[in-house]
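Please keep the sequence and the structure in view while reading.

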Amino acid sequence: MAAQELTSKSATSSDTEKGLVGGSHSAEGATTVTGRTGPSEPPATRGKTSIADVVVVKIAGMAAREIPGVHDMGGGLSRTIGAVRDRVPGGRPNVGRGVKVEVGERQTAIDLDIVVEYGVPITDVAHDVRENVITAVERITGLEVVEVNVAINDVHLPDDDRDTTAETRVE
């Protein structure tokens, strides 16, 4: 993640005392955005909204997988474990595999580990992934995405799909 600190727009102490702004980051990995309080405030602004880190992870993972040229996500070991998990009856794919996030009060930074298809322009895929992830996370959560770091860990070759157990020499 970036060395820069994820911060929100600064507010004066009088704004905080009036309940106009606020927010906190809990130890459980959720960001809480405090709304306005009081009967004179519009109903939609009364109360708090919490966004857990796992929410950003899932949104970013789904958005990255939508891009043509992305074969899989995650490092070698996590992909192996994921493949075993996917084959277990009742097991669901882990959309967060290969995604790490750092969520602040108003901003987030995202790291992605990606496997691309052979033959696709890697820089174009990375650009498209970055753009789609930023658009999806900002639209759905309202958080500002300060950066999306894309690491290409592997290239999926066409020969990787062939089934080696289909033909055996010995019966």
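Asparagine 149 is in contact (heavy atoms within 4.5 Å) with Ile110, Asp111 and Leu112, once its neighbours within four places in sequence are left aside. Asparagine 149 lies in strand β7; helices (H or I, at least four residues) and strands (E, at least two) are DSSP runs, numbered from the N terminus. Between asparagine 149 and isoleucine 110 there are 6.3 Å in space, C-alpha to C-alpha, although the two are 39 residues apart in sequence. Asparagine 149 counts as partly exposed because its relative accessibility is 32%; buried means under 20% relative accessible area, exposed over 50%, and partly exposed in between (1.4 Å probe, protein chains only).

The model is predicted, so local features need pLDDT of at least 70 and side-chain atom pairs count only at pLDDT 80 or more, whereas totals for chains, interfaces and linings use all residues. Residues are numbered from 1 along each chain as its sequence is written, and side-chain values use heavy atoms, with hydrogens and water left out. The pLDDT, the predictor's confidence in each residue from 0 to 100, averages 77 over the protein, and 63% of the residues score at least 70. Confidence is lowest in helix α1 (residues 13-17), with a mean of 38, and highest in helix α4 (residues 122-141), at 98. Over residues 7-23 the pLDDT is below 50, and this stretch has 18 contacts in the model beyond near neighbours in sequence.

Four helices and seven strands make up the secondary structure, and along the sequence they follow the pattern α-β-β-β-α-β-α-β-β-α-β. Among contacts between residues at least 6 apart in sequence, 63% join residues at least 24 apart. Of the 171 residues, 31% count as buried.

The interior can be approached through its nonpolar core, a set of buried Ala, Val, Leu, Ile, Met, Phe, Trp, Tyr and Cys residues joined through side-chain atoms within 4.5 Å. The largest such core has 27 residues, and those with the most contacts inside it are Ile110, Leu112, Val129 and Val133. At least two residues of this core come from each of α2 (53-65), β4 (70-73), β5 (99-103), β6 (107-117), α4 and β7 (144-156). Leaving aside neighbours within four places in sequence, the contacts of leucine 112 include Ala64, Met73, Val129, Val133 and Asn149.

The 13 residues of α2 should span 18 Å at 1.5 Å a residue, and its end C-alpha atoms are 19 Å apart, which agrees; the expected span is 1.5 Å times one less than the number of residues. Among the buried residues of α2 are Val56, Ile59 and Ala63, and the buried residues of this helix pack against β3 (48-52), β4, β5, β6 and α4.

Helix α4, with 20 residues, reaches 28 Å from its first C-alpha to its last, close to the 28 Å expected. Its buried residues are Val125, Ala126, Val129, Val133, Ala136, Val137 and Thr141. They cover an arc of only 110° around the axis, which puts them on the same side of α4; the arc is that of the directions from the helix axis to the C-beta atoms. On the other side of α4, Thr123 and Arg139 are exposed. The buried residues of α4 pack against β3, α2, β4, β6 and β7. Glycine 142 follows α4 and has a positive phi, near 85°.
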